[in-house]
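I set out to look up a few packing details in this model. My notes follow in the order I took them.

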Amino acid sequence: MTGYHAIGRGRVGPGDWVAIQGAGGVGLSAIQTAAAVGAQVIAVDIDEDKLTKAKEAGASVAVNSKTENVAEAIHEVTKGGAHVGVDALGIQETITNSLSSLRKGGRHVQVGLTGSEEQGIAQIPIDAMTAGEIELVGSFGNPRPDFPGLLALVSQGRLDPGSLVEREVGLGDVNEVFDNMSEFKTKGFNIITQF
């Protein structure tokens with residue numbers, strides 16, 4: 001639901017280039033949603049396994065930010081930059097990469113909340129945003145009125161949230177899952193099914 005709402009907040013349409021920073025659970029759901037509405041999706045992550053999963057979820061291009069200059073790679077693939085950038089992680093590097101990857105008039109959607117290092121504060125290239133007429137949009141959760149649209153895509157088979165589940169866990173595994181999330185080790189969603 002969070003990834004779906006982020007794509008809506010970015011006003012993503014068919015044919016748009018959408019670059020999604022972070023291929024964890026939220027990033028994967030944003031990738032799947034963007035692809036479902038006809039966008040051309042670029043997944044960015046540091047983990048090759050996550051990038052493989054991102055391609056399975058609908059990304060047509062994968063960029064490894066450990067080995068490639070993200071902005072250069074995206075500008076080259078898109079012939080001018082992404083229409084929409086989604087930061088699903090919330091660290092300074094991914095925020096900067098997203099903003100730097102946009103074309104003139106692009107939209108940056110911030111869905112990832114910052115971590116302990118940023119503590120809610122991130123630097124943005126304000127002059128470049130002004131000159132490039134870049135929009136900065138926040139996205140949080142998914143408001144109740146948006147659920148019918150989300151569920152329609154699921155019922156039509158255009159979204160498959162089950163394919164994004166990494167594993168089912170019990171309540172006793174929650175701390176391990178949180179630790180893995182903090183270290184960016186999860187590959188999709190971990191769902192509590194054993195109470």
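What covers the buried residues of α1? I started there, keeping in mind that this is a predicted model. I found that the cover includes β1, α2, β4, β5 (102–110) and α7 (147–155). The buried residues of α1 themselves are G3, Y4, H5, A6 and I7. I then checked what comes after α1 and found R11, which has a positive phi, near 55°.

**Entry: the largest core**

I7 came up again when I turned to the largest nonpolar core, which has 24 residues. I7, V18, I20, I31 and V86 touch the most other members. I listed the elements that give this core two or more residues: α1 (2–9), β1 (17–21), α2, β2 (40–45), α3 and β4 (82–87). I noted α2 as the one that gives the most, with four residues.

I looked at V18 in detail. Setting aside neighbours within four places in sequence, I found V18 in contact with I7, V12, A34, A39, Q40, V41, I42, V84 and V86. I also logged a second, separate core of 15 residues, with W17, V63, A82 and I95 among them. As background, I noted that nonpolar side chains in soluble globular proteins tend to be buried together.

**Entry: α2 against α3**

How do the axes of α2 and α3 cross, and at roughly what angle? I took helix α2 as residues 25–36 and helix α3 as residues 48–57. Their axes come within 8 Å and cross at roughly 30°. I therefore recorded α2 as roughly parallel to α3, since angles under 35 degrees count as such. The crossing of α2 past α3 is right-handed.

Next I read off the residues that meet. From α2 I have L28, I31, Q32 and A35; from α3 I have K53, A54 and A57. By class, this contact has five nonpolar residues, one polar and one charged. I31 is a residue I had already noted in the largest core.

**Entry: V44**

Is V44 buried or exposed? I placed V44 in strand β2. V44 counts as buried because its relative accessibility is 2%, and the cut-off for buried is under 20%.

I then checked what surrounds V44. Not counting residues up to four places away in sequence, V44 touches I20, Q21, G22, A23, L51, V63, S65, V70 and I74. I picked out S65 from that list. V44 and S65 are 21 residues apart in sequence, yet their C-alpha atoms are 6.4 Å apart in space.

Conventions: Residues are numbered from 1 along each chain as its sequence is written. This is a predicted model: local features need pLDDT of at least 70, side-chain atom pairs count only at pLDDT 80 or more; totals for chains, interfaces and linings use all residues. Side-chain values use heavy atoms; hydrogens and water are left out. Axes are lines fitted to C-alpha atoms, for helices over the stretch in contact, and angles run from 0 to 180 degrees between N-to-C directions. Angles under 35 degrees count as roughly parallel, over 145 as roughly antiparallel, 65 to 115 as roughly perpendicular and the rest as oblique. A crossing is left-handed if the near helix is turned anticlockwise from the far one by less than a right angle, and right-handed if clockwise. Contact means heavy atoms within 4.5 Å. Ala, Val, Leu, Ile, Met, Phe, Trp, Tyr, Cys and Pro count as nonpolar, Asp, Glu, Lys and Arg as charged, and the others, Gly among them, as polar. A nonpolar core is a set of buried Ala, Val, Leu, Ile, Met, Phe, Trp, Tyr and Cys residues joined through side-chain atoms within 4.5 Å. Buried means under 20% relative accessible area, exposed over 50%, partly exposed in between (1.4 Å probe, protein chains only).
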